[in-house]
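Hi everyone, thanks for coming.

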Amino acid sequence: MPDLVETYPSERYPVDNASALGALALYDRAFHADHQGLIHRGIQALQQFQEQGLLHQSVGTQGHALDLPRGSGTFLASIFLAPADPVFSRELFLSGKQLFQSVLGFGIMREYLPGSSGRMDIDSGPIFLGAGVSSTGFAIGAARIHGDQETFSALV
């Protein structure tokens with residue numbers, strides 16, 4: 001089984017693991033510690049749970065996806081992973097940009113890949129006509145971290 005921590009009974013959430021990896025990287029910087037091996041294994045595990053560059057939201061303990069890949073988790077993971085692995089963080093952000101749409105001059109991010117849909121939940125927040133509130137909000141932060149002024153401005 002990949003090195004993802006079980007964060008809910010019988011479920012592993014890639015974005016929760018991304019948060020732990022980012023926090024561990026910040027700890028290493030603050031206290032001159034070295035957990036690079038653990039961080040590297042965690043990143044490798046996360047990379048296994050991508051579809052079209054987006055992270056699956058939930059994974060079972062046997063390593064199978066329990067949910068579709070989603071914008072909210074992908075963009076939030078991009079933010080969390082910036083201190084742990086800036087390259088992978090940027091890859092997630094760039095992959096997530098496929099969810100961008102312009103509606104009446106306003107930029108939004110879809111929650112799900114084009115051609116797929118899912119339900120609204122506590123992670124996504126409201127989804128209106130495919131646009132995810134959390135996906136859009138987290139994309140603002142990821143765009144800012146990765147210096148994408150055009151996407152940042154369109155979303156803000």
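So, F31 is exposed, at 56% relative accessibility. Exposed here means over 50% relative accessible area, buried means under 20%, and partly exposed is in between, using a 1.4 Å probe and protein chains only. Before I go on, this is a predicted model, so local features need pLDDT of at least 70, side-chain atom pairs count only at pLDDT 80 or more, and totals for chains, interfaces and linings use all residues. Residues are numbered from 1 along each chain as its sequence is written, and side-chain values use heavy atoms, with hydrogens and water left out.

Back to F31. Which residue does F31 form an aromatic pair with? The structure holds 2 aromatic pairs, and in one of them F31 goes with Y27, with 4.8 Å centre to centre and 35° between the planes, which is tilted. Here are the cut-offs: rings of Phe, Tyr and Trp (its six-membered ring) pair if their centres lie within 6.5 Å, and planes under 30 degrees apart count as stacked, over 60 as edge-to-face and the rest as tilted. Y27 is partly exposed, with a relative accessible area of 40%. Both Y27 and F31 belong to helix 1, residues 14-31, and they are 4 residues apart, about one turn of the helix. When I say helix or strand, I mean DSSP runs numbered from the N terminus: helices are H or I with at least four residues, strands are E with at least two.

There's another ring to look at, this time with a charge. The charged end of R144 sits over the ring of F152, 5.6 Å from its centre. To count, NZ of Lys or CZ of Arg has to be within 6 Å of the ring centre and within 35 degrees of the ring normal.

Now some backbone angles. Most residues other than glycine have a negative phi. H32 isn't a glycine, but its phi is positive, about 55°. You'll find H32 in the loop between helix 1 and helix 2 (36-47), and H32 is exposed, with a relative accessible area of 74%. Q52 is another residue other than glycine with a positive phi, near 50°. Q52 is in the loop between strand 2 (50-51) and strand 3 (54-55), and Q52 is exposed too, at 57% relative accessible area.

L104 brings us to a hairpin. In the hairpin of strand 5 and strand 6, with 2 residues between the strands, L104 takes a positive phi near 55°. How do strand 5 and strand 6 pair, parallel or antiparallel? Strand 5 (residues 100-103) and strand 6 (residues 106-109) are antiparallel, over 4 bridges. Strands pair if DSSP finds at least two bridges between them.

F100 and T136 are 36 residues apart in sequence, and their C-alphas are 8.6 Å apart in space. Move on to G137, in helix 5 (residues 133-145). G137 is partly exposed at 37%, and from G137 to S72 you count 65 residues in sequence and 8.3 Å in space, C-alpha to C-alpha. For V59 and A142, the numbers are 83 residues in sequence and 23 Å in space, C-alpha to C-alpha. V59 lies in strand 4 (residues 59-60) and is buried, with a relative accessible area of 0%.

The largest pocket has a volume of about 200 Å³. Of the 13 residues lining it, the closest to its centre are Y13, Q57, S58, D121 and D123. A pocket is found on a 1 Å grid over the protein atoms alone, as an open set of points where a 1.4 Å probe fits, with protein on both sides within 12 Å along at least five of seven lines; lining residues have an atom within 4 Å of a point. The volume is the space filled by probe spheres set on the points, which are joined across faces, edges and corners.

What is the lining of the largest pocket made of? It divides into 4 nonpolar, 2 polar and 7 charged residues. Ala, Val, Leu, Ile, Met, Phe, Trp, Tyr, Cys and Pro count as nonpolar, Asp, Glu, Lys and Arg as charged, and the others, Gly among them, as polar.
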